[in-house]
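Subject: Handing over the structure

Hi,

Here is the structure I promised to pass on. Have a look at it first, and then read my notes below.

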Amino acid sequence: MVNANTKVCLSGLELDNPVIPASGTFGYGYEFAELYDINVLGTFSFKGTTREPRFGNPTPRIAECREGMINAVGLQNPGVEKVISEELPKLAKCFNKKVIANVSGFSIDEYMYTCERLDAQEQVGLIEVNISCPNVHGGGMSFGTQPEMAARVTKAVKSVTKKPVYIKLTPNVTDIASIAKACEEAGADGISLINTLMGMRIDLNRKKPVIANTMGGFSGPAIFPVALRCVWQVYNAVNIPVIGMGGVSCAEDVIEMMLAGATAVETGAINLVDPYASKKIVEDLPRVMEKYHITNLSDIIGGAHS
């Protein structure tokens, strides 16, 4: 399609297309840059970063399922200071766009410290605050299951940052729209959703849970309808942009997410199945746009609501 316009805008951050590999599935980018030019992507969200280094959860921490996978990696990362001193300089050699910094924490002070440090980095265009990780104890998802706590984290992070802040929410709640609304009222620039559902597998030979953590985050194509529903509900509840994710595995899924209300779309588990998946989705978007008579992608955001 000659005139396919795939550009979208997230709170002033202009993207060539809406395809964004999700945090935890794309490392810090340079590993994938050995396979293809990652500048074809809209941007990507780098590995969840905490104030201190984290080894993560004990192994085994990955389990296969039909239509997806379960992981309980537990935010393994080198800590924010090493991300700034080592990972970002490596990324700069292969990625010339602004990147999304994904931040996790175990206290509001930790979130504030890590966000403030990453906000100061020239390469960072947007901060994605993860208050929805199901695989860590005493932090992560515990901040994202109540509107009041979600709002407190949002307000605290916004007090120390200048760049757009998107809050990443969990689907493991009864009313995701009310939590998104609380984040908006506390100053969030956008909402990212969804993080993984909770799941588990049992090893029939050992008659024990497969994952050492017992439960983990369930992701993959099976969760796409849940993610789509959450994007639809949150789009109706807030007046800030939404980044949709959860089971996205093809260009058609991107279009569907955008019609439900997403301004941009993150790809997760599919990157672990096929490292070229995000590149293929970007390349296939013009064909799918032509098939469904779409000229400008930004025109269809929330289009299914009208």
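Let's start with a definition: a residue is called buried under 20% relative accessible area, exposed over 50%, and partly exposed in between (1.4 Å probe, protein chains only). By that scale Lys 280 is partly exposed, because its relative accessible area is 45%.

Before going on, some background. This is a predicted model, in which local features need pLDDT of at least 70 and side-chain atom pairs count only at pLDDT 80 or more, while totals for chains, interfaces and linings use all residues. Residues are numbered from 1 along each chain as its sequence is written, and side-chain values use heavy atoms, with hydrogens and water left out.

Now the salt bridges. The term stands for a side-chain nitrogen of Lys or Arg within 4 Å of a carboxyl oxygen of Asp or Glu, and this rule gives a count of 12. Lys 280 is in one of them: its partner is Asp 274, with the closest N and O atoms 2.7 Å apart. Another joins Arg 206 to Asp 203, where the closest N and O atoms are 3.5 Å apart. Arg 206 counts as partly exposed at 46% relative accessibility, and so does Asp 203 at 23%.

Which residue does Glu 122 meet in a salt bridge? The partner is Lys 98, at 2.9 Å from N to O. This pair links distant parts of the chain, 24 residues apart: Glu 122 is in the loop between α3 (108–119) and β7 (124–130), and Lys 98 is in the loop between α2 (80–92) and β6. Those labels are DSSP runs numbered from the N terminus, with helices being H or I of at least four residues and strands being E of at least two. Glu 122 counts as exposed, at 62% relative accessibility, whereas Lys 98 is partly exposed at 31%. There is also a network of salt bridges that links Lys 7, Asp 16 and Lys 97.

Next, the sheet. Two strands pair if DSSP finds at least two bridges between them. Here 7 strands make an open sheet with parallel pairing, in the order β3-β15-β14-β9-β8-β7-β6. β3 (19–21) and β6 (99–103) stand at the edges with a single partner strand each, so one side of each has no neighbour in the sheet.

Cheers
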